[in-house]
Amino acid sequence: MVQVRIDTAGDGPILVWLRRDLRLTDNPALDAAVSTGRSVIPLYILDETEGVRPMGAASLWWLDKSLAALGADIEQRGGRLILRRGKAAEILNQLVAETGAAGVVWNRLYDKASIDRDAAIKADLRGQSLSCESFNASLLNEPWTVKNGSGEGYKVFTPYWRAAREHIGEVHVSPAPAALPAPAKQPASDGLGDWNLHPTKPDWSKGFSIWTPGEAGAAERLQAFLASQVQNYDKRDIPGVEVTSRLSPHLHFGEIGPRQVWAATRSAIAAGDVPAGQGEKFLSEVGWREFNHSILFHRPDITTANFRPEFDAFPWNRDDAAFKAWTRGQTGYPIVDAGMRELWTTGFMHNRVRMIVASFLIKHLLIDWRQGEAWFWDTLLDADLPNNVGNWQWVAGSGADAAPYFRIFNPISQGEKFDPNGVYVRRWVPELSNLPDKLIHSPWTAAPHLTPAAKRTYLRPIVDHSQARERALAAYQSLKGG
Ligand code: FAD
């Protein structure tokens, strides 16, 4: 880790403003604060007042558990996590005044709203002669470091990842500090429970209990993945088998950093414990996360605007009934419905199925990708601005290095190809569980076998595949015709 000295006058504590770096291991801002030898105040601010996009309901559930775990880890080391709710700039100033802090440190975020806010706060704090430094905890390469021959950010993944890998160099992971000395007089903290971060109306979070938010849960997940599932990572497109890492919410909240993932995977490959092909493929997926951060950094408008402006004239369809059927997993296409029900129940959806359901919404229903992106944002535990926006635009064909619009997934053949024995569909759409494998992705052809519950949704899908395909291609043609 690069050690950065913090110049501070006086003997006040250092405020460590934690955001999406909810861990003690390999946390450069925390390390820098501890290395001053002063007392440390770890702080989390729930800021819903700024231009930064507010977290969705599922993310707030995760945050609640993650902060509880982090608070306990900090206490074990003699410190205390301070929680405050409100405008970050004001709260930091209040805390500086209350504690006589000599400096403030944090790890960087890369969306424009956060960058603008953080720059203003840094200028303000430095203007008050406080020491203020920021660090990189959440990327292998920060977005401005990997550039193409013209000095711009890459727009295509393969050359991006080739160049990005070269930049990574040797990766050192710093251990968690042994102690986090607290100041003699602690500032007041909100109670986590008083923040009421669980979803209400409805509280659908019961099924989220399969997850273990927090740094320890993240480390266990990585270890378990490298010890077993990675061996079958080439089956990552099969939703019926669990071979991916499920690290995405942990990575989003920074309970584990990509340097840790990189170092552990590379050393498992070097030791011969993980086949190089499987391990490298996994790391290239982590590379997509980096690529999406880079794209969003260079094109901050694409959280709502199409990366390719020619899509601005796309004739989207406003169809609230169809959208509702999609969100509830009642489209009449088993693989789509299984994915949407997995999402609602667990806060997660398998990557291949995310592509299928997104394609169905955009192309079969002609519903604007932004509506789907918003639903995912509210219901995914791993909701992540660069990844969600990047992937939705990838599916829509409007994004950087995107799938061409005219490649329209057939939800029947996608199901037959990636869930050939219906394992995934049977898990999430139990009313189809008695169907034979060969009919499970087209249940309307199996009317006599259908239960009354299945008949309600599966006798007539909300759109006919062939007609929807023709309609989507015509819409795309109209766009090209201008
Ligand atoms: P693994 O296969 O184990 O991959 C390891 C890590 O690499 C992941 O944890 C993730 O951080 C990263 N990664 C993997 N695939 C991708 C990808 N396609 N793009 C970017 N990073 C990737 N991922 C999110 O983290 N947050 C989102 O909000 C999100 N929204 C998505 C929306 C759509 C429409 C689609 C098609 C994909 C979306 N993804 C999103 C990407 C991907 O589906 C998840 O990252 C992946 O399913 C997480 O499972 P895993 O951790 O087991 O992945």
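Which polar backbone atom lies 3.1 Å from an oxygen atom of the ligand? Select D384: the backbone atom belongs to this residue. The pair is a polar contact (N or O atoms within 3.5 Å; within protein, one must be able to donate a hydrogen and the other to accept it, and residues adjacent in sequence count only if both atoms are side-chain atoms).

This is a predicted model: local features need pLDDT of at least 70, side-chain atom pairs count only at pLDDT 80 or more, and totals for chains, interfaces and linings use all residues. Numbering starts from 1 along each chain as its sequence is written, and side-chain values use heavy atoms, without hydrogens and water.

Pick T244. One of its polar side-chain atoms sits 2.6 Å from a ligand oxygen. Then pick R354. An N or O atom of its side chain is 3.3 Å from an oxygen atom of the ligand.

**Helix pair**

Select α10 (residues 320-327) and α13 (residues 369-379). Helices are DSSP runs of H or I, at least four residues; strands are runs of E, at least two; both are numbered from the N terminus. The two helices pack at about 35°, axes 12 Å apart. Axes are lines fitted to C-alpha atoms over the stretch in contact, and angles run from 0 to 180 degrees between N-to-C directions. Show F323, W326 and T327 in α10; they meet Q371, G372, W375 and F376 in α13 (heavy atoms within 4.5 Å).

**Two loops**

Go to P202, in the loop between α5 (157-168) and α6 (215-227). The K201 to P202 peptide bond is cis, omega near -5°. Finish at D26, between β1 (14-18) and α1 (28-35). D26 is not a glycine, yet its phi is positive, about 50°.
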